[in-house]
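Please look over the model shown here with its aromatic side chains and its strand arrangement in mind.

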Amino acid sequence: MGEHSLQLARHLGFEAMQFNMVVATNTGAIHVWKKLGFEIVGRLPGVFRHPERGFVDALIMFRPL
């Protein structure tokens, strides 16, 4: 899905992709996005209510295409 999204974005003429809300406790998703070339460019403190951990940070992830 991630690779397909990148290919489609390039095909449509986009020059970059950004995810505004990657939950910081979702280490699996963070690993996948980093593997696809995304970098963490920002952090939103305590904006996501995790059912077990309470309020946790969200990450902003970005990559040029």
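What follows is a short briefing on aromatic contacts and on the sheet. The model is a predicted one, and a search of the whole structure finds three aromatic pairs in it.

**Aromatic contacts**

- Phenylalanine 19 and phenylalanine 38 make a tilted aromatic pair, with 5.1 Å from centre to centre and 50 degrees between the planes.
- This pair links distant parts of the chain, since phenylalanine 19 belongs to strand 1 (residues 16–23), while phenylalanine 38, 19 residues apart from it, sits in the loop between helix 2 (27–35) and strand 2 (39–50).
- Phenylalanine 38 also pairs with tryptophan 33, here in an edge-to-face arrangement at 5.4 Å centre to centre and 70 degrees between the planes.
- Phe19, Trp33 and Phe38 together form one aromatic cluster.

**Burial of the aromatic residues**

- Phenylalanine 19 has a relative accessible area of 23% and is therefore partly exposed, whereas phenylalanine 38, at 3% relative accessibility, counts as buried.
- Tryptophan 33 is buried, as is phenylalanine 38.

- Three strands form an open sheet in the order 1-3-2, and their pairing is antiparallel.
- Strand 1 and strand 2 stand at the edges and each has a single partner strand, so one side of each is left without a neighbour in the sheet.
- On average, and with direction ignored, neighbouring strands of this sheet are turned by 20 degrees against each other.
- Strand 2 and strand 3 (residues 54–64) run antiparallel and are joined by eight bridges.
- Isoleucine 40 stands opposite methionine 61, which lies in strand 3.

Methods
Residues are numbered from 1 along each chain as its sequence is written. This is a predicted model: local features need pLDDT of at least 70, side-chain atom pairs count only at pLDDT 80 or more; totals for chains, interfaces and linings use all residues. Side-chain values use heavy atoms; hydrogens and water are left out. Rings of Phe, Tyr and Trp (its six-membered ring) pair if their centres lie within 6.5 Å; planes under 30 degrees apart count as stacked, over 60 as edge-to-face and the rest as tilted. Helices (H or I, at least four residues) and strands (E, at least two) are DSSP runs, numbered from the N terminus. Buried means under 20% relative accessible area, exposed over 50%, partly exposed in between (1.4 Å probe, protein chains only). Two strands pair if DSSP finds at least two bridges between them. Axes are lines fitted to C-alpha atoms, for helices over the stretch in contact, and angles run from 0 to 180 degrees between N-to-C directions.
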